[in-house]
Amino acid sequence: MTTLKAVRGTRDLLPPETELWNRIESTARAVFRRYNFGEIRTPIFEDTQLFARGVGEETDIVSKEMFTWEDRARAQSEKAQSLTLRPENTAGVVRAFIEHGLGESGMLQKLYYIGPQFRRERPQRGRYRQFTQIGAEVIGPPSSGSESPLRDAEVLEMLATYLDKLGITGWTLLINSVGTASDRPRYIAVLKEALRAVAPQMCGDCQRRAETNPLRVLDCKVPEDQPIIETLPRIADYLDDESNAHFAAVREALDACGVAYEISHRLVRGFDYYTRTTFEFQHGGLGAQNALLGGGRYDGLSEIIGGQKAPGIGFAIGEDRLVLTLQASAGHASPTLADAYIAPLGGMLNAPALVLARELRRDGLRIEVGDGSFRIKKSFETGDKLARNIVLLGEHELQSGMLTVKNFASGEQTKVAREQLAAALAPPHE
């Protein structure tokens, strides 16, 4: 019989690596809470039209990478519906914003999410067909201040704080402005004309994008195409006064906060809904695919998918990329040792050992419990693999209330009163 395995492009996350994932996510929740973000959880599949209209028919994601199927009608009164596993979550959040009337309060909505996304792309290091993103969106009616460049700067400052809190150093923030819906057509017309002469010399993807989505040519990573791309017109030369003023205000606020950045005239994002500020945090430890996270402003997305005007800005963090970065800087995750391994010296002491473990766990300690059938040598060998200390629980210890404790690192063995045991076993930093 064939052994069943995880589907290509997916994977199982196991301890101790999952401890690193939990730290990344808990840090995100703690940092986002400081900025008054609340969590939103949307379905992992949506109507296909949400992504076709919101992300863009000609984007690589919609045209090549979505997991889409027809949800057949179960009764004559029902209609079949095309459904898609979400390839990104901004469109879903904005759909929820519209559907639940969140803009009717007139207040700015600050929402974050943590969850799986799905793209049918070639699996590679740090890129999977099912992957986890941490993201946030700031959206609201214009009267809420959602169009303000201050919102852009605040999001970028929050991300810098988050990466610093995780201990990720050496990151680079790249920013650009891709203008408004009226700026871009002027630039795209000029860009298409410039590409007409040079696209035949570029990679196959660039040749296709030159016609269908020319902005994406600027994001090409093929080394041979870079000299050509450097000669192409810059969008900064085609922005109107309002877009230039917005971008200048974002930079001014970042300068005031001390958040370092570089202007990258080639920085665009892969979705049609982006406007004005776009950004990307990069890290050299990731190699050629060095983007940690990215995002930007999407002032017209709500209207594209049927809502009222509700400018917004957001980002998505590929959690796999953060894990790789942290592992590269600190080595592979090693198991976190329990505070103590309780070794009952005989089968009759199994129940008292569990009672003792219950007491210590209530005090916040991480405890492993052995089995009274183990020989003392096996208890010590097992305890040394799982915990920092071993607590021997024999008949004498149970009656006297004085427990024998040995620290594996120092080799020191002491007697500790039961009521003082939790304090004696607590990690040094506690």
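Colleague: How many helices and strands are in the chain?

Modeller: There are 15 helices and 16 strands. Keep in mind that this is a predicted model.

Colleague: What box do the C-alpha atoms fill?

Modeller: Roughly 90 × 60 × 50 Å, taken along the principal axes.

Colleague: And how much of the chain is buried?

Modeller: Buried residues account for 48% of the 430 residues. The chain exposes about 21600 Å².

Colleague: What share of the contacts join residues at least 24 apart?

Modeller: It's 70%, counting contacts between residues at least 6 apart in sequence.

Colleague: Let's switch to helix packing. At what angle do H5 and H9 cross?

Modeller: Roughly 40°. H5 covers residues 149–166, and H9 covers residues 241–257. Their axes come within 8 Å. The two helices are therefore oblique to each other.

Colleague: Is that crossing left-handed or right-handed?

Modeller: The H5 and H9 crossing is right-handed.

Colleague: Which residues make the contact?

Modeller: From H5, you have Pro149, Asp152, Ala153, Leu156 and Glu157. H9 brings His246, Ala249, Val250, Ala253, Leu254 and Cys257. By class, this contact has 8 nonpolar, 1 polar and 2 charged residues.

Colleague: How does H1 pack with H5?

Modeller: H1, residues 17–34, packs with H5 at an angle of about 140°. The axes are 10 Å apart. Angles over 145 degrees would count as roughly antiparallel. At about 140°, H1 is therefore oblique to H5. H1 passes H5 in a right-handed crossing.

Colleague: Which residues of H1 and H5 meet there?

Modeller: On the H1 side, they are Arg23, Ile24, Thr27, Ala28, Val31, Phe32 and Arg34. They meet Met158, Thr161, Tyr162, Lys165 and Leu166 in H5. Sorted by class, the contact of H1 with H5 has 7 nonpolar, 2 polar and 3 charged residues.

Colleague: Now H4. Why is it described as largely enclosed?

Modeller: Because 8 of its 10 residues are buried, H4 is largely enclosed by the rest of the structure. H4 runs over residues 90–99.

Colleague: Which ones are buried?

Modeller: In H4, they are Thr90, Ala91, Gly92, Val93, Val94, Arg95, Ala96 and Phe97.

Colleague: What covers them?

Modeller: The cover includes E2, helix H2 (48–54), strand E5 (109–118), strand E6 (130–139) and helix H10 (301–304).

Colleague: And what follows H4?

Modeller: Gly101 does, with a positive phi near 60°.

Colleague: Is Glu46 buried or exposed?

Modeller: Glu46 is buried, with a relative accessible area of 9%. The cut-off for buried is under 20%. Glu46 sits in strand E2, residues 45–47.

Colleague: What does Glu46 contact?

Modeller: Leaving aside neighbours within four places in sequence, Glu46 is in contact with Phe51, Ser82, Leu83, Thr84, Gly92 and Arg95. Gly92 and Arg95 are among the buried residues of H4.

Colleague: Where is Ser82?

Modeller: Ser82 is in strand E4, residues 81–85. Ser82 is partly exposed, with a relative accessible area of 34%. Not counting residues up to four places away in sequence, Ser82 touches Glu46, Asp47, Thr48, Thr68 and Trp69.

Colleague: What separates the C-alpha atoms of Ser82 and Phe281?

Modeller: They are separated by 35 Å. Along the chain, Ser82 and Phe281 are 199 residues apart.

Methods
Residues are numbered from 1 along each chain as its sequence is written. This is a predicted model: local features need pLDDT of at least 70, side-chain atom pairs count only at pLDDT 80 or more; totals for chains, interfaces and linings use all residues. Side-chain values use heavy atoms; hydrogens and water are left out. Axes are lines fitted to C-alpha atoms, for helices over the stretch in contact, and angles run from 0 to 180 degrees between N-to-C directions. Helices (H or I, at least four residues) and strands (E, at least two) are DSSP runs, numbered from the N terminus. Angles under 35 degrees count as roughly parallel, over 145 as roughly antiparallel, 65 to 115 as roughly perpendicular and the rest as oblique. A crossing is left-handed if the near helix is turned anticlockwise from the far one by less than a right angle, and right-handed if clockwise. Contact means heavy atoms within 4.5 Å. Ala, Val, Leu, Ile, Met, Phe, Trp, Tyr, Cys and Pro count as nonpolar, Asp, Glu, Lys and Arg as charged, and the others, Gly among them, as polar. Buried means under 20% relative accessible area, exposed over 50%, partly exposed in between (1.4 Å probe, protein chains only). Accessible areas come from the Shrake-Rupley method with a 1.4 Å probe; for residues, only the protein chains shown count as cover.
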